[in-house]
Amino acid sequence: MTDTKVFFDQVASRWNLNYKKSRLFQQRLNKIQELSNDVSIKDKAILDLGCGSGMISFYFAQSDARVTGIDVSEDMIGEARLLFSQNNMNATFAVGDATALNFPDATFDLITCISVLEWIENDEKALREISRVLKKDGILILSVPNKSSLLRWFEKLSAIMRKSLLRLSKTIKPSYLEYQHHQYRSTEIQLQLQKFGLSTLTSLYYAGPFENSKFIQSWMSHSCLGMMYFLKCKKTG
């Protein structure tokens, strides 16, 4: 498995552009807004775990939350700090490991962990840490790649073909899937969450770049097609 940190360092400088230009990234942010719109944000302590270049952190900071962003990539943290500096916004950013969070127990009211677990080899250790630093009755908003999606199967097939071509041409870059450790079925991730006292309140599927019409959205919201699985959980244990 290729080094995840190296991968994200390489893409950090253009990551924020993805949120501006890519429908996939725009929809990701829309889903976070949808799942958090009934949660009190102002003056709350929020951890953006795997914060990347800071776009999700920026959304919560605009609502006067006390935001902390953690990422394994130093270059991503640099981009997040630059984004906030350019907009005169405040947040705390640091390089960190999701499996060993440097915070006391019950520190945060809300944690986002968006497209993060799939990159972590010991994902259960990360979930244990998330549960530890989340307050009782706190909210976790999580997304993972949907292993049951037919579109994911096509993506895997494409990645296999690309890997075969790599042997013939060094100009073809490896698929990002080369860097991932996991994909999840809904039952699998929910069972993992339950182990750590995290109870699912709401869940939904989406396919990102294909959601440009209500008709397509109605199809892509099913588990057999939606590429991403979003969950909103509450710490009850």
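Colleague: How are residues numbered, and which pLDDT do local features need?
Modeller: Numbering starts from 1 along each chain as its sequence is written, and side-chain values use heavy atoms, with hydrogens and water left out. As this is a predicted model, side-chain atom pairs count only at pLDDT 80 or more, totals for chains, interfaces and linings use all residues, and local features need pLDDT of at least 70.

Colleague: How many helices and strands does the protein chain have?
Modeller: Helices (H or I, at least four residues) and strands (E, at least two) are DSSP runs, numbered from the N terminus. On that basis the protein chain has nine helices and seven strands.

Colleague: What share of the residues of the protein chain counts as buried?
Modeller: Buried means under 20% relative accessible area, exposed over 50%, and partly exposed in between (1.4 Å probe, protein chains only). For the 237 residues of the protein chain, the buried share is 49%.

Colleague: In what order do the strands form the open sheet?
Modeller: Two strands pair if DSSP finds at least two bridges between them. β3 (92–95) and β6 each have a single partner strand, so they stand at the edges of the sheet. The pairing is mixed, and the order is β3-β2-β1-β4-β5-β7-β6.

Colleague: How many bridges join β1 to β2?
Modeller: The two strands run parallel, and Ala 45 stands opposite Arg 66 in β2. The number of bridges joining β1 to β2 is five.

Colleague: Which residue in β3 does Gly 69 stand opposite?
Modeller: Strand β2 (residues 66–71) and β3 pair in the parallel sense over four bridges. Thr 68 stands opposite Thr 92. For Gly 69, the residue opposite in β3 is Phe 93.

Colleague: Through which helix does the chain cross from β2 to β3?
Modeller: A crossover is right-handed if, with the strands pointing away from the viewer, the path from the first strand over the helix to the second runs clockwise. β1, helix α4 (residues 55–61) and β2 make one right-handed β-α-β unit. The crossover from β2 to β3 is also right-handed, and its helix is α5.

Colleague: At about what angle does α6 run to β5?
Modeller: Axes are lines fitted to C-alpha atoms, for helices over the stretch in contact, and angles run from 0 to 180 degrees between N-to-C directions. Contact means heavy atoms within 4.5 Å. α6 lies across β1, β4, β5, β6 and β7, and its angle to β5 is about 150 degrees.

Colleague: Which residues of helix α6 are buried?
Modeller: The cover over them includes β1 (45–49), β4 (108–114), β5 (134–145), α8 (186–195), β6 (198–206) and β7 (228–235). Helix α6 spans residues 123–133, and its buried residues are Asp 123, Ala 126, Leu 127, Glu 129, Ile 130, Ser 131 and Val 133.

Colleague: Why are the buried residues of α8 on the same side, and what arc do they cover?
Modeller: The buried residues in α8 are Ser 186, Ile 189, Gln 192 and Leu 193. An α-helix has 3.6 residues a turn, so residues three or four places apart point the same way. The face turned away from the buried side of α8 carries the exposed residues Thr 187, Leu 191 and Lys 195.

Colleague: What distance separates the C-alpha atoms of Met 228 and Pro 145?
Modeller: Met 228 lies in strand β7 and counts as buried at 7% relative accessibility. Leaving aside neighbours within four places in sequence, Met 228 is in contact with residues including Val 144, Pro 145 and Tyr 205. Met 228 and Pro 145 are 83 residues apart along the chain, and their C-alpha atoms are separated by 4.6 Å.

Colleague: Is Asp 137 buried or partly exposed, and what is its relative accessible area?
Modeller: Asp 137 is found in strand β5 and has a positive phi of about 70 degrees although it is not a glycine. Asp 137 is partly exposed, and its relative accessible area is 43%.
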